[in-house]
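This report describes selected local features of one protein model. Please keep the sequence and the structure in view while reading.

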Amino acid sequence: MTDALLRVDGLKKFFTLSDGQRVHAVDGVSFSLASGETLGLVGESGCGKSTLGRTIIRLLSPDAGTVHVGGKNLAQLSDKELKPLRREIQMIFQDPYASLNPRSTVGRAIEEPLIVHGVKDPRVRAARVDWLLERVGLPAEAAQRHPHEFSGGQRQRIGIARALALNPKLIICDEPVSALDVSVRAQVLNLLADLREELGLSYLFISHDLSVVEHFCDRVAVMYLGRIVELAPRHRLWSQPLHPYTHTLLDAAPLPDPTRRRGRRSLVEGEIPNPIDRPNGCHFHTRCVHKIPICSSVTPPLISRADGHEVACHRAEDFYTPRPKETYV
């Protein structure tokens, strides 16, 4: 992808426990994100999605690999060198309650990035805060109030306004609607979609809700135990998934109509392995009913097909066929 806004190569992040053991939360992840694109990142809780997002933006320091934004490798920059690039990439957090300082007014929370990045004129900052509040659907008077005076959906709008303060090109959305009521989710997603079109934003959209990802994202990456096992355009992933774990995720998603049923269900064995003592070879082989001997000893690389579909599975080509359409009972 020649016009990649974000390029991640071989990114790793591990955490060392008190007994010296390591948890490999992110294990050699590579992908790229084009300007104006929304890439969804899905997987079970604990697979490393949020850690990946925080490592990309350097809230966590990577242990290996590179993260290129605007031609610069964020993984190797000092804090001083990194500061100007903070304008290019921002983050919306999952919890709209914990992400805002309860002692600061909303206006101060949105204004703070402008102060940090040297916007000295208070009139310019105030005008920017008013515009941002209006753009996310809140009145200008909200700037004088505190976070506890707002609902969860309104607080997430404030978080979005804060992320937009510096005119970023890329926003990492860490499950931005998972803590919201269903009706409010739709409103926030529509807001994010409108901002994407109006401001030319790119999103890395982390979520465990496949229905949201199917509606909102252009491409989707599937993560399992720290690795990306499949990456494809949205329509291809839903119509012809090539990794057994992706089949499992899609089959586990609830259907909105109780009168509908699926044509088949994938079978999964056992429990999720211990992230400290992960299986050799393909991490999923201990749960996969289609495994062959090579799966337990050789890690399958993430191979890109001619149609842009990437998959890390030894049996991707010789076993899986297009998913049957769901039928009515």
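## Two helices in contact

Helices α5 and α6 cross in a right-handed manner; a crossing is right-handed if the near helix is turned clockwise from the far one by less than a right angle, and left-handed if anticlockwise. Helices (H or I, at least four residues) and strands (E, at least two) are DSSP runs, numbered from the N terminus. The contact (heavy atoms within 4.5 Å) involves Gly153, Arg157, Ile160 and Leu164 of α5, together with Val184, Gln187, Val188, Leu191, Leu192, Leu195 and Leu199 of α6. These residues comprise eight nonpolar, two polar and one charged. Here Ala, Val, Leu, Ile, Met, Phe, Trp, Tyr, Cys and Pro count as nonpolar, Asp, Glu, Lys and Arg as charged, and the others, Gly among them, as polar.

The axes of α5 (residues 152-164) and α6 (residues 182-199) come within 10 Å and cross at roughly 15°. Such axes are lines fitted to C-alpha atoms, for helices over the stretch in contact, with angles from 0 to 180 degrees between N-to-C directions. The two helices are therefore roughly parallel to each other, a term for angles under 35 degrees; over 145 is roughly antiparallel, 65 to 115 roughly perpendicular and the rest oblique.

## Basis of the model

The model is predicted: local features need pLDDT of at least 70 and side-chain atom pairs count only at pLDDT 80 or more, while totals for chains, interfaces and linings use all residues. Residues are numbered from 1 along each chain as its sequence is written, and side-chain values use heavy atoms, leaving out hydrogens and water.

## Ser207

Ser207 is placed in the loop between β8 (202-206) and α7 (210-216). Ser207 counts as buried because its relative accessibility is 5%; buried means under 20% relative accessible area, exposed over 50%, and partly exposed in between (1.4 Å probe, protein chains only). Leaving aside residues up to four places away in sequence, Ser207 touches Leu41, Val42, Gly43, Lys49, Glu175 and Val213.

## Gln21

Another loop, between β1 (4-16) and β2 (22-34), holds Gln21. With 37% relative accessibility, Gln21 counts as partly exposed.

## Helix α3

The buried residues of α3 (residues 106-116) include Val106, Ile110 and Leu114. The buried residues of this helix pack against α4 (122-135) and α5.
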